[in-house]
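Work through the following exercises with the sequence and the model side by side.

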Amino acid sequence: MSASSLSISLKQTFGYDEFRPLQREIMETSLDGRDALAILPTGAGKSLCYQLPALVRDGLTVVVSPLIALMKDQVDQLEASGVAATFINSSLDSKEARRRLEGLDAGLYRLLYVAPERLMLADFLARLKAWKISALAVDEAHCISEWGHDFRPEYRRIKEVRQSIPGIPVLALTATATERVRQDIVAQLELQEPAVFLASFNRPNLKYQVVAKSGVAAQVCNFANARREDSGIVYCQSRKGAEALAATLRAQGFSAIAYHAGLDPAERARNQDAFLRDEAKIVCATVAFGMGINKPNVRYVIHADLPKNIEGYYQETGRAGRDGLPADCLLLFSRSDVMKLIKFLDDIPEPQARDVARRQIDQMTHFAENDACRRIGLLGYFGEVWPEDNCSACDHCLQPREKWDATTDVQKLLSCIFRIRQVGNFSVGLNHVAEVLTGGMSEKIQRWKHHTLSTHGIGKDQPRPYWVDLGRQLLRAGLLAASDDNFPTVSVSQNGMEKLKSRETIMLTRSLSTPRSKATVRSGDIPCDAGLFECLRKLRKELADARNVPSYVVFSDVTLRHLSRDYPQSDAALLNIPGLGEKKRDDYGEAFLDAIRLWLTENPRQEFVPLSIVVTPTPPPSGGLNGTVQQTLEFWREGKTIQQIAEERGLAGSTIESHLVQAIENGEPCDPRTFYTAAEELQIQSALDGYDEVSLKPVFEQLGGRISYGQLKIYRALVARQV
């Protein structure tokens, strides 16, 4: 296998010229026979990390996948690209299952998808040994951890495959995993000195907005109405809410369906299929909908209710824009949602779990109410530092909220809270404070004599919600302190007392109002002939229906947009279109060429400026390096060793070496003597002389393991830069 085999196969089979960040490094590590853990965000191309190596290595790659729908979807897409892949699960009748097993016995497949339950059956494990297994990929690997958000106990037994078939490399993949979950994945799968690849969690093509909830049905309808031809997901907390919202949307003329765990399994499957095939444009769903949904052209995700935690919010918004084209994420926020979630905490019996859930609600609330860049808050949760002040793709950065002088009202609120505490020697909640300020005469106000306070009624010029919202802003600013019990009360903090006495000017931002937008170039945008795009989209649907597959199995929206801006006129020109490999050219090329030629007989050809000028993605830090590589590079520049960086970051040394390889390829000046001696360099040079294979395993073994994989890759990177 030559060094160019991966690139050649990528182009011929999948129609792409370049790898996405970390893909090549992950593939090369697996082809070297080493274990690896890859944490790549949704849409970053995790599946390709085991699919492409399966085409260039001998034997069968087994993929452990948790959902039947996901298996079928991926196999459909692979078959459409000419890849020999199959799945074995409970959806097959006995005759079809037997046919596929016979095909596996005959070595007809390169990839096998299987659920963990099936994998661990004794007779199935016995069959595996006869199938020349060359690699094991564990998709959605976070399911193995009790600390993950989708724990599946049967995942804990996957390590038995490695024990049964020793020597095969294991690749574990997931979209999100905290440090604790990552450690659990490595331990439970018994990965051996794995290379750990952690990509940036940033999704530059997603735009984040948070809007005050005020009539959910109308807000969702208005948002969807501006995107009639687009697919969208609306997440609701309750089954009843999902059903009601879907019914409202249908009454307004939208093709909408509901999805939740309470539906009959057959109906649930029909609804999911309708959404995947674009027969239903909108799915109103609970969190039961999502994992395993491989639909790339979801153009928006709306949260009609507040998610329970940021990790869930990130996962759910990540189902938008998997194809890299612009997509919108709208969160409808209200304090009543927060209180509902807090009430649900009473159903959690274990105090520690209840405390964790409460912290997660507080983090989610802070994200929604905060007036800073949404991307900074979201990435910060996963420990990633966003280096820019303005992400150009969230409500705050596109149109910052108005600042206003809140000094007088802050003085009123702080004074009222202070006097309530002073007269009764106890604290109250923000709602009660708002009642006092607006002149309320409730039973509690009269019983506690709060109507006699000098601050009673001094805020009548504003409604009660205004004062409650102001109080929450002061909590975030540290001018107020809240109790942490089930009946939170507020008091003036030390900082608040200083502001109360000094009467210094206090500037605050206006509260959430309505969705705001600003004309801007969206990251991932591909301008094209809109009329031709719609024409080709209809053709794609016809071809997909004829083959009984979702439209995106034929071509993605990205491919259609390139077809609609480049107007290819020949088979050769088709192969220059991203996502269009040789098999798809043979199957669909003639139909699309005919459609494009016919379009040009009736419509003028449009001209577009190069995408390098039009598309302006949010720049990653330091050239082309992602956030995690940049962090390693900063430590390296400080003079720390690879081992010191690995220990400080909680990553494997091999991962740090991989980061440095990327930095060298990106132009970072490095002294070879910091990685290997002159004598070692001569050994490496001699071993690699005339060797151009991707896999470094033979070289590593030839050198008796004296030179690490990292040193070999760093040598290659330094030499390549000099060429």
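**Exercise 1.** Identify the residues through which α2 and α3 meet, and describe how the two helices are arranged.

Solution. Gln-23, Ile-26, Met-27 and Leu-31 of α2 touch Leu-48, Cys-49, Leu-52, Pro-53 and Val-56 of α3, where contact means heavy atoms within 4.5 Å. The model is a predicted one, in which local features need pLDDT of at least 70, side-chain atom pairs count only at pLDDT 80 or more, and totals for chains, interfaces and linings use all residues. Residues are numbered from 1 along each chain as its sequence is written, and side-chain values use heavy atoms, with hydrogens and water left out.

Sorted by class, this contact of α2 with α3 has eight nonpolar, one polar and no charged residues (Ala, Val, Leu, Ile, Met, Phe, Trp, Tyr, Cys and Pro count as nonpolar, Asp, Glu, Lys and Arg as charged, and the others, Gly among them, as polar).

For the geometry, take the axes of helix α2 (residues 23-31) and helix α3 (residues 48-56), which come within 9 Å and cross at roughly 50°. α2 is therefore oblique to α3, given that angles under 35 degrees count as roughly parallel, over 145 as roughly antiparallel, 65 to 115 as roughly perpendicular and the rest as oblique.

**Exercise 2.** Decide how far α2 is covered, and look at what follows α2.

Solution. Eight of the nine residues of α2 are buried, which means under 20% relative accessible area, with exposed over 50% and partly exposed in between (1.4 Å probe, protein chains only). Among the buried residues are Glu-25, Glu-28, Thr-29 and Ser-30. Just after α2, Gly-33 has a positive phi of about 85°.

**Exercise 3.** Describe the crossing of α10 and α11.

Solution. The axes of helix α10 (residues 216-225) and helix α11 (residues 239-251) come within 10 Å and cross at roughly 50°, so α10 is oblique to α11. Val-216, Ala-217, Val-220 and Cys-221 of α10 make the contact with Leu-245, Thr-248 and Leu-249 of α11.

Notes:
Axes are lines fitted to C-alpha atoms, for helices over the stretch in contact, and angles run from 0 to 180 degrees between N-to-C directions. Helices (H or I, at least four residues) and strands (E, at least two) are DSSP runs, numbered from the N terminus.
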